[in-house]
Amino acid sequence: SEAFVQMELLTATTNSWLNLPAHRHWLALQGQRLLEFAKASRIDNGFADLDNRGRPDLAGGALTIQTARMTHSFALACLQGIPGSAAMVDHGLRALHGPLRDSRHGGWYAGERAKPSSRKQAYLHAFVALAASSAVAAGRPDAAALLDDAVQILERHFWCEEEQAFLESYAQDWSDLERYRGGNSNMHGVEACLALADVCNDAKWLDRALAISERMIHQHAAAAGYLPVE
């Protein structure tokens with residue numbers, strides 16, 4: 001019967017090697033190894049790219065995308081009780097509150113040395129919202145203020161109720177809206193929406209995540225034989 005098949009699948013999943021204590025231990029060790037490697041990306045004004053030898057790119061300076069990603073990653077480590085993680089989260093929050101934020105127009109620069117021609121992308125701002133959500137979940141000071149700021153930017157500039165998707169990018173002063181709609185930025189938008197729904201306890205973010213998924217998969221991907229562009 002269908003119920004029997006479902007029970008068999010559940011049993012197989014439960015008994016999978018993926019759930020073995022030894023495998024879980026290996027995963028934990030790999031995660032800690034990656035965190036140790038990532039610590040080197042911390043520089044004065046946030047987090048930078050690392051080269052193949054794990055050295056920070058000081059010439060490129062602090063990047064907002066890496067700062068947001070590292071803040072999110074170390075917030076997850078903080079939630080696991082890994083020593084030293086809280087200080088890394090707080091460093092990221094200071095950078096996102098300070099040198100990486102556009103205090104004139106709102107939102108975030110691509111990096112501390114971003115050119116005036118660089119654009120404000122939904123992709124990057126979704127990561128800032130994700131980082132803020134994770135930092136709030138980890139109970140870090142000042143995380144709630146960053147979350148409020150990120151939510152306001154997403155609501156005011158990026159979420160399009162008519163299209164039920166995130167818009168792609170603007171010039172730094174929020175002029176010159178790009179006509180293109182990105183699958184990648186909306187994919188990370190879904191990730192941010194799920195985090196916001198959890199941390200903000202607001203179901204509208206779940207509705208938005210579902211709306212994006214419906215559009216990207218059941219419309220665009222379906223029309224291309226389930227080979228989505230981008």
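Guide: Helix 3 is followed by G81, whose phi is positive, near 80°. Keep in mind that this is a predicted model.

Visitor: How many residues does helix 3 have, and what does it span from first C-alpha to last?

Guide: Helix 3 covers residues 64-79, which makes 16 residues. The span is 22 Å, close to the 22 Å expected at 1.5 Å a residue.

Visitor: Is helix 3 mostly covered or mostly open?

Guide: Mostly covered, with twelve of its 16 residues buried. Among them are I65, M70, F74 and C78.

Visitor: What do those buried residues pack against?

Guide: The buried residues of helix 3 pack against helix 2 (21-38), strand 2 (46-47), helix 4 (85-97) and helix 5 (122-137).

Visitor: Switching to the largest nonpolar core: which residues touch the most other members?

Guide: W108, V128, F158 and F166, out of 55 residues in that core. Elements giving two or more residues to this core include helix 3, helix 6 (143-158) and strand 4 (159-160).

Visitor: Which element gives the largest share?

Guide: Helix 5, with eleven residues.

Visitor: And how do helix 5 and helix 7 cross?

Guide: Their axes come within 8 Å and cross at roughly 25°. An angle under 35 degrees counts as roughly parallel, so helix 5 and helix 7 are roughly parallel to each other. The crossing is left-handed.

Visitor: Which residues meet there?

Guide: On the helix 5 side they include Y123, F127 and L130, and on the helix 7 side they include H188, A192 and L196.

Methods. Residues numbered from 1 in each chain as written. Predicted model: local features only at pLDDT ≥ 70, side-chain atom pairs only at ≥ 80, totals over all residues. Heavy atoms only, no water. Helix = DSSP H or I, 4+ residues; strand = E, 2+ residues; numbered from the N terminus. Expected span 1.5 Å × (residues − 1). Buried < 20%, exposed > 50% of the residue type's maximum accessible area, 1.4 Å probe, protein only. Contact = heavy atoms within 4.5 Å. Core = buried A, V, L, I, M, F, W, Y, C linked by side-chain atoms within 4.5 Å. Axes fitted to C-alpha atoms, helices over the stretch in contact; angles between N-to-C directions. Parallel < 35°, antiparallel > 145°, perpendicular 65-115°, else oblique. Left-handed = near helix turned anticlockwise from the far one by under 90°.
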